[in-house]
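Welcome, and thanks for taking a look at this one. Have the model open beside you, and let's walk through a few of its features together.

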Amino acid sequence: MIDPKVLRTDPDRVRRSQALRGASVELVDELLAADEARRASIASFERLRAEQKNIGKDVARAQGEEKAALIARTQQLAADVKAAQADADAAGNRFDELMAQVGNLVIDGVPEGGEDDGVVIETVGTPRDFAAEGFEPKDHLELGELHGAIDMERGAKISGSRFYVLTGVGAQLEIALLNLAMTKAAEWGFTPMIPPALVRPSAMEGTGFLGQAAQDVYHLPADDLYLVGTSEVALAAYHSDEILDANTLPRRYVAYSPCFRREAGSHGKDTRGIFRVHWFDKVEMFIHCDPADAEEWHQKLLGYEKDFLNALEVPFQVLDVASGDLGLSAARKYDCYAWLPTQNRYREVTSTSNCTEFQARRLGIRGRFDDGVRPVATLNGTLCAMTRIIIMLLENHQQADGSVYVPEALRPYLGGRDRL
């Protein structure tokens, strides 16, 4: 959540941020009123509670009618204190409910607009000219079936639409990508992790995935657990309700996990192949750091993502995501879009978000700094979303004879093969 002090001292900043997100500006006024009511109810409770404590001493010293009157007052105060406590709790719950709806404060300089208004800030590599090479490129599913790498029919038989099975070289390719990604991340100083894919509601709520993204989340009601859509959730909650020593920051983690998404609202979109599916595996980077260092770490995470895509020899663009397309927790986000030959356009393959102190406040993650104990900052970055990277490798590196070139960086993890 945002810092309540900012709400009270600079509500216009919160209003601007909400407007940039295309979210409710009126919510800010509701919050201010709820905050005032909450503080007033707390003050009333504390005043009555103090009187209740003091009157106990008077009762002990009083006699006769005075004592009887004080006892009656004590009984009345007990009821008043109980009612005041209930009012304070209700006002606090209302404030918390409204605060949970406010998105992180958008960082100055983020492009304004919606999903189609992200700004391309860099283009890396040049798409191949297949026409000049004398052949029409096949799409990833045709190539996957040709090589016995992707089985959509049996994936649907097992689990339904938007499921798949990676077979043979397809499975080997994912394992190779996993090894390359985890090796690189370890070289960059990240601690490898394999966290649970099932998390408690507090973890999902704390990372901001039960708000606007709730429709995409799988819930197991019998256990009250959620299937994660990204290991960001587990890595953020890993230090929930902890105080981290400043000299141990930044904490750098990289996790491999399955990810599950309903893809609500995507009916009819990307129905062919494995681009938009209900389950995929992913390698995710995560940072806990001093808020003063958050923007620097955001650039580093983007640099790692670019390094990985460069190692795979895939053309891509970097987008500064527009304010209206940010998730609830992100104050700024960069996406990498790789070139997809058969669609003749760039498609999203990675993203990295600076969540500033937003998630840490919700999860109770603080640091012990020279100026006191205060929330840390959290950042996340996708290193390798397996299905989409497999798509890009198959399509960008296909050859006229149907074989697929293997980038040099992947060869050690595929038995030295330079072709599939």
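Contact here means heavy atoms within 4.5 Å. Please keep in mind that this is a predicted model.

**Around T230**
- T230 sits in the loop that runs between β7 (225-227) and α10 (232-237).
- Is T230 buried or exposed? T230 counts as buried because its relative accessibility is 4%, and buried means under 20%.

**Strand pairing**
- Strand β9 (residues 251-260) pairs with strand β4 (residues 191-193) in the parallel sense, over three bridges.
- In that pairing, T191 stands opposite Y253 in β9.
- β9 also pairs with strand β10 (residues 279-289), here in the antiparallel sense and over 10 bridges.
- P258 is found opposite D281 in β10.

**The two ends of helix α7**
- The N-terminal end of helix α7 (residues 152-159) is capped by D151, with a side-chain oxygen 3.3 Å from the backbone nitrogen of E153.
- Just after α7 comes G160, which takes a positive phi of about 110°.

- In soluble globular proteins, nonpolar side chains tend to be buried together.
- The largest nonpolar core in this model has 62 residues, and those with the most contacts inside it are L177, F190, V283, L312 and L410.
- Helix α8 (residues 169-187) supplies the largest share of this core, nine residues.
- A second, separate core has 15 residues, among them L7, V14, A34 and L328.
- Which residues does V283 touch, not counting those up to four places away in sequence? V283 touches L178, A181, M182, V254, A255, Y256, T382, L383, C384 and M386.

**Cysteines**
- A disulfide is a covalent bond between the sulfur atoms of two cysteines.
- How many disulfides does a search of the whole structure find? The search finds zero.
- C336 is in no disulfide, and the nearest cysteine sulfur, that of C384, is 12 Å away. The cut-off for a disulfide is a pair of cysteine sulfur atoms within 2.5 Å.
- C336 is buried, since its relative accessible area is 0%.
- C384 is in no disulfide either, and the nearest cysteine sulfur to C384 is that of C259, 11 Å away.
- C384 counts as buried, because its relative accessibility is 0%.

Notes:
Residues numbered from 1 in each chain as written. Predicted model: local features only at pLDDT ≥ 70, side-chain atom pairs only at ≥ 80, totals over all residues. Heavy atoms only, no water. Helix = DSSP H or I, 4+ residues; strand = E, 2+ residues; numbered from the N terminus. Buried < 20%, exposed > 50% of the residue type's maximum accessible area, 1.4 Å probe, protein only. Polar contact = N/O pair within 3.5 Å; in protein donor to acceptor, adjacent residues only side chain to side chain. Pairing = 2+ DSSP bridges. Core = buried A, V, L, I, M, F, W, Y, C linked by side-chain atoms within 4.5 Å.
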